[in-house]
Amino acid sequence: MATRTFGEPVQRNIDDRLLTGQGHYIDDIDLPSVAHAAFLRSPFARAKITSIDVSAARAHPGVLGVFTCDNIGHIDQDLPLLIPHPCLVGPRTQRPLARGDVYYVGQTVAMVVAVDRYTAEDAVRLIEVDYDPLPVSVELEDAAADGANLVHEDVAGNVAAHFVQNSGDAAAAFARADHVTKITVRVERSTAAPMEGRAVCARWDRITEQLMVWDSTQAPISVRGGLASLFDIDEDRVRVVAPDVGGGFGQKVLFFYPEEVLVPMAAIQLDRPVKWIEDRTENFIGSTQERTQVHTIELAATKDGEVLGLRDFFLHDTGSFIPYGIAIAQVASTSIAGPYRIPNIEVEFKAIYTPTVPVTPYRGCGRPQACFAIERAMDKLAEELGLDRFEVRRRNFIAPDQFPWKREGLLFADGLAVCYDSGEYDTALSKAAEAIGLDRLDEMKADARARGKYLGLGLGFYVEGTGLGPYEGGHVRIHPITGKIYVNTGLSTQGQGHDTVFAQIAADQLGVDPSDVIVVEGDTGAFDWGVATFASRAAVVSGNAIHKAASKAREMVIEAAANMLEAAPGDIELAEGKARISGSDRAVTLAEVATATNPLRYAFNKAAQSATQFAPASKHDGPPLADGKAPGIEVTDYYSPPYSTWAYGCHAALVEVDPALCTVDIRQYVCVHDCGNMINPMIVEGQVIGGMAQGLGGALYEKVQYDQDGNPRNAGFMDFLMPYATEMPKVDIVHMETPSPLNPLGIKGVGEAGTIAVPATIISGIEDALKPLGAGHFHEAPVFPHMIFEKLGGADQAKAS
Amino acid sequence: MSKMHVKMTVNGKPVEGLAEPRTLLIHFLREDLNLTGPHIGCDTSHCGACTVDLDGKSVKSCTVFVAQANGAEVTTIEGIANPDGTLHALQEAFREHHGLQCGFCTPGMITRAHRLLQENPNPTEAEIRMGISGNLCRCTGYQNIVKSITAAAEQLASMKEAAE
Ligand code: FES
Ligand code: FES
């Protein structure tokens with residue numbers, strides 16, 4: 001039997017290149033005579049542009065072109081609204097370059113293309129723009145209040161969308177409840193901050209009339225389609241490649257960002273390759289962000305702590321535009337009941353425009369906010385009913401035999417029903433309790449007290465709808481000369497390790513080593529059906545598509561090999577790159593099979609020559625290629641999930657607070673998670689821990705701050721604090737594997753799993769730690785030292801001591 | 001802007017070029033020498049993606065003018081592998097322990113770790129974390145990076161022992 005690599009920590013094929021400095025990120029692509037773009041961006045959150053003078057910039061030596069909305073032709077139009085939804089009351093998207101108005105600090109106003117970036121930046125400074133600033137309401141609640149300054153003059157109340165969904169009958173549940181718990185929680189804005197910012201490089205080939213675009217995007221196929229239609233070029237003559245991409249985390253899934261259309265436009269107009277590499281400041285002011293939401297959540301419970309109903313109303317900050325529709329708010333509102341049965345739910349939200357950079361999904365996409373709201377509410381419920389935090393959760397978990405658990409009436413972001421497919425929630429909770437050493441908690445608290453510190457237990461449970469449709473494809477081909485397997489899919493990688501798990505999937509079917517599988521993704525020239533990388537969907541959707549294609553390829557190999565070896569198909573096994581008759585040494589290599597299935601007469605190589613010593617690969621009469629057959633071993637197949645598959649997990653932490661310094665130290669962190677069958681546990685762990693670092697940022701460090709005029713106050717790594725190795729605790733991971741019944745591989749997504757529950761976990765730990773000091777509740781994320789200081793009595797307390 | 005003549009040794013090879021006085025070392029390495037291993041993640045000396053070794057010290061080459069490197073010995077990620085072309089123990093360890101995901105921080109991280117292990121061949125976990133606290137990674141959560149550096153330190157120590 002062939003060795004199965006599914007479930008093994010197979011090392012990554014791409015690493016050697018990346019470890020030696022041989023990666024090709026977009027800025028590493030060296031094109032002859034490439035020109036460089038730089039942008040003039042709005043310094044105002046909201047203003048009218050009264051004049052723009054680019055004459056000095058145009059005259060600057062080395063400048064090749066200066067563009068404003070007046071000389072970019074027909075692309076001076078609103079960029080697309082990607083996900084329309086009937087509840088959008090005033091959908092607005094931005095233009096590539098501002099016309100008349102600016103809506104956030106950082107909005108692109110003009111573009112300069114010059115011989116190098118230094119010169120382009122010099123010329124940007126020579127552009128004169130007159131602005132008439134307008135008054136703004138920057139904070140979410142202010143923007144939503146009556147009489148707020150409007151972001152878009154014609155959108156009343158700054159309301160971009162208003163949506164209500166119901167499952168069951170919440171009003172009736174509240175009417176019969178013994179107890180109602182109500183809290184308001186607030187989660188602040190953060191940003192993905194991938195280490196490589198966005199980047200675009202474009203080349204127009206006048207001879208073949210081909211537009212080649214390298215784009216550090218999560219959605220190359222969509223970008224290709226969009227560019228083709230925008231520039232009215234045949235799709236086949238636009239190729240978009242996402243080469244090595246230095247992280248994305250959702251920020252790079254949006255299209256179009258202005259630069260993504262302007263750079264190709266400049267390349268066509270100037271007939272010269274053009275490159276733009278986002279700098280870090282631009283990433284903070286010109287790339288999308290996410291997270292600000294304010295939830296008021298109510299739980300209606302029996303006195304035993306069974307939650308009968310849930311009501312949640314929240315405001316969602318969508319920034320100045322809403323290109324991604326209501327996706328984030330919809331994910332938040334449909335994840336709000338977490339792992340709990342809660343049969344009666346009413347969720348309502350308003351998406352509000354604020355004069356800030358637009359909001360699109362960032363790893364977690366509404367789930368961290370929903371998790372924070374429900375988990376903090378469950379803790380409050382436990383406290384009010386005098387129940388144990390673990391027990392109140394246990395009493396409400398969906399039991400393993402209650403799946404599939406459908407929340408009738410709630411539609412997820414893919415437009416399909418919310419239906420949890422499988423899970424063992426209670427077991428996950430118990431494992432977390434055990435791993436964190438719950439039975440020694442009092443001892444550990446006492447130990448902390450002896451050192452002048454306060455220790456608390458953090459707890460957070462999350463669910464995550466993953467693997468959203470509609471579909472992805474997989475293309476599998478066996479190379480006739482080398483016998484290597486070529487695999488393509490349409491979405492792209494930002495370092496997650498797709499290539500390795502996809503290789504494992506194909507390798508298992510075809511009996512080869514994963515290092516003999518060459519995966520090419522993110523190149524529309526290689527495969528151009530598909531959607532994109534987001535919502536923890538790559539392994540689930542592309543993975544299963546590749547699995548389906550590879551299993552068909554396997555059948556073709558077996559049939560051909562059986563013919564070649566004059567054996568029965570049932571006796572053929574695939575291993576070590578060969579098809580062999582079980583229990584014998586009679587075998588053909590995959591290269592020979594691939595060659596023999598192609599009725600071409602030239603014998604270029606040894607495989608082709610040796611293939612001739614076997615019987616024909618196909619038994620049929622008539623022309624060499626049988627009717628309805630294709631040459632070689634090549635299969636394309638697709639996977640389309642019936643609905644999302646729900647991963648989940650439980651985090652627990654020992655959180656120690658120093659009451660004098662108001663600092664937080666995470667003594668231990670445990671993450672129990674279940675993403676179904678694991679293709680590669682090494683890569684799964686990498687995803688989980690990496691996601692947790694971003695969750696940690698959201699719990700304790702990261703908040704994009706704006707002043708009252710809408711100026712970003714911490715648009716750089718100096719002031720926006722992301723965890724370094726010194727902030728990140730060591731994490732203990734406990735894997736569980738409850739297969740998903742929804743797809744052939746039984747897998748669920750894991751990309752966002754690490755991120756979601758961290759703020760709920762750490763912040764509940766802080767609250768628990770400071771209970772003896774009467775610090776009260778912590779219902780905001782992140783928690784900064786000054787907030788702890790205030791909860792501990794602030795300046796008065798400090799003076800008194 | 002007038003250009004100046006600069007000379008230095010990069011990865012053991014003498015190199016020279018013309019550069020504006022304001023040219024940063026990272027740009028000279030990447031644009032003029034085509035050494036695109038070191039990356040630019042912030043240009044404000046916070047992320048460490050541009051880390052190179054300059055006369056035996058880790059520096060952030062986005063915050064060094066090329067003029068300041070005149071006459072210096074510079075090592076980039078391209079110069080870390082063993083002379084016979086095989087991967088250095090650190091590079092091997094990063095692969096084995098999945099110390100990289102997107103790989104964008106990796107050249108800076110390894111170049112820094114390479115110097116760290118010369119400064120302190122036998123670091124504790126806390127010393128490793130502190131030692132790379134000038135380098136941001138947004139993908140890995142650092143745990144596997146720390147594991148990789150620990151494993152490489154052990155490997156280098158046992159290689160040294162074997163050689164003695
Ligand atoms: S680019 Fe030099 S430290 Fe970030
Ligand atoms: S591996 Fe992506 S930033 Fe470190």
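**Domain pairs in chains A and B**

In this predicted model, the C-alpha centres of domain 1 of chain A and domain 2 of chain A lie 44 Å apart.

**View 1. The two domains of chain A.** Domain 1 of chain A is assigned to residues 420-465 together with 646-801, whereas domain 2 of chain A is assigned to residues 469-639. Where the two domains of chain A meet, 15 residues of domain 1 and 15 residues of domain 2 take part in the contact.

**View 2. The side of domain 1 of chain A that touches domain 2 of chain A.** On this side of domain 1, the most is given by helix α18 of chain A (residues 681-701), which supplies three residues. Sorted by class, this side of domain 1 of chain A holds six nonpolar residues, six polar residues and three charged residues.

**View 3. The two domains of chain B.** In chain B, the domain assignment places residues 4-79 in domain 1 and residues 89-163 in domain 2. The centres of these two domains of chain B, taken over C-alpha atoms, are separated by 22 Å. To the contact between them, domain 1 of chain B brings 15 residues and domain 2 of chain B brings 11 residues.

**View 4. The side of domain 1 of chain B that touches domain 2 of chain B.** Strand β3 of chain B, which spans residues 51-54, gives the most to this side of domain 1, with three residues.

Note on methods. Residues are numbered from 1 along each chain as its sequence is written. Chains are lettered from A and ligands numbered from 1 in the order in which they are written. This is a predicted model: local features need pLDDT of at least 70, side-chain atom pairs count only at pLDDT 80 or more; totals for chains, interfaces and linings use all residues. Domain bounds come from an automatic or database domain assignment. Two residues are in contact if their C-beta atoms, placed from the backbone, lie within 7 Å. Helices (H or I, at least four residues) and strands (E, at least two) are DSSP runs, numbered from the N terminus. Ala, Val, Leu, Ile, Met, Phe, Trp, Tyr, Cys and Pro count as nonpolar, Asp, Glu, Lys and Arg as charged, and the others, Gly among them, as polar.
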